[in-house]
Amino acid sequence: NLGLEIATGDFVYFVDSDDEPMPGCLHRLDDALANQPDCGIAIGANIRRTAGRIDKTKSPAGFTSDLVKNAESYLRNEILPIAMGSALVRRSAVGPARFPEKAGLDEDTIFWAAVLTHAMPATVPYAVLVYHHDESRMKQRFLTDAGSALRHISEALDRLAGFGVGIDALNWRKAWISRRIARELVHAGRHAEASSFLK
C-alpha cells in the first residue's frame, strides 16, 4: 500500500518474494495493455508449482465487459485467482483499491476484486510467472488466530460493497473462507472450533 501511495510511474507490478517472473513477462503484459488501451489490467497465465505435484498452468479466462460481474465472479471462484506477479496494472486503474492490512488471509483476492470493479482486463495466454504454492504455510495461515482472521476478512469484504459488489457475492466469499478455515481446523483436531465456523 505504501508503494501504491508513492508510485509515480504509469504502471504498477507486484511480485511475491518466493515467485519467479518468467523472462519477458513484463513485455508481454505491457504489449497486451498497449494493444488494448481501454484495458486497465493485463493478466497472464501462471505455472503453479507445488512440492510433490506436477506443475499446473493456469490461464486467465471468464472475464466479461461487465466489470462488477467480473469482480463478483472472481470472489465466487468462477474466475481463476490472479497470482501476484502475473498482472500488470495501469496506476490510474488502481483507483482507491488497497490491500486490507489487517487481513492475513485472502488479502490479494480482496485487492484484485476491487481493481476488477473498474478495470477492464486484457488476458495473456502465455505463462508469465512461476507461482510457488507452499501448502504447509497456507494451512498454517488458516489456523493462526482463526476467529480474528475471519473477522478481519469479513470487514475487508464488506468494504467492497463501496465498489458496487453485491452482498450475495460478499456473503458467498465469507462462507467459503469459513469453510476453508473449518476444514483446516478439523485436520488439526480442533473440532469444536471447526463447528463454530461452520455454524
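**A walk through the predicted fold**

Among contacts in the chain between residues at least 6 apart in sequence, 75% join residues at least 24 apart. Keep in mind that this is a predicted model. The contacts counted here are pairs with heavy atoms within 4.5 Å.

Next, the overall build. The chain has nine helices and six strands. Its C-alpha trace spans about 55 × 40 × 30 Å along the principal axes. How does the radius of gyration of the chain compare with that of a compact globule? For 199 residues, a compact globule would have a value near 16 Å. The chain has 17 Å, so the two agree. Of the 199 residues, 44% are buried. Buried here means under 20% relative accessible area.

Now look inside. Rolling a probe the size of a water molecule over the atoms shows where empty space is left. The count comes to one cavity of 30 Å³ or more. The largest cavity has a volume of about 70 Å³. Its lining takes in 13 residues. Nearest the centre of this cavity lie Ile-43, Ser-59, Pro-60, Leu-80 and Pro-81. Which element gives the largest share of the lining? That is strand β3, residues 41–50, with three residues. By class, the lining has eight nonpolar, four polar and one charged residues.

Turn to the cysteines. How many disulfides does a search of the whole structure find? It finds zero. A disulfide would need two cysteine sulfur atoms within 2.5 Å. The sulfur of Cys-25 has its closest cysteine sulfur in Cys-39, 18 Å away. Cys-39 counts as buried because its relative accessibility is 6%.

Finish at a loop. Asp-145 sits between α6 (135–143) and α7 (146–159). Is Asp-145 buried or exposed? Its relative accessibility is 52%. The cut-off for exposed is over 50%, so Asp-145 counts as exposed.

Notes:
Residues numbered from 1 in each chain as written. Predicted model: local features only at pLDDT ≥ 70, side-chain atom pairs only at ≥ 80, totals over all residues. Heavy atoms only, no water. 1 Å grid on protein atoms, 1.4 Å probe; cavity = no way out; pocket = protein on both sides within 12 Å on 5 of 7 lines; lining within 4 Å. Points joined across faces, edges and corners; volume = space filled by probe spheres on them. Helix = DSSP H or I, 4+ residues; strand = E, 2+ residues; numbered from the N terminus. Nonpolar A, V, L, I, M, F, W, Y, C, P; charged D, E, K, R; others polar. Buried < 20%, exposed > 50% of the residue type's maximum accessible area, 1.4 Å probe, protein only. Rg over C-alpha atoms; globule rule 2.2 N^0.38 Å.
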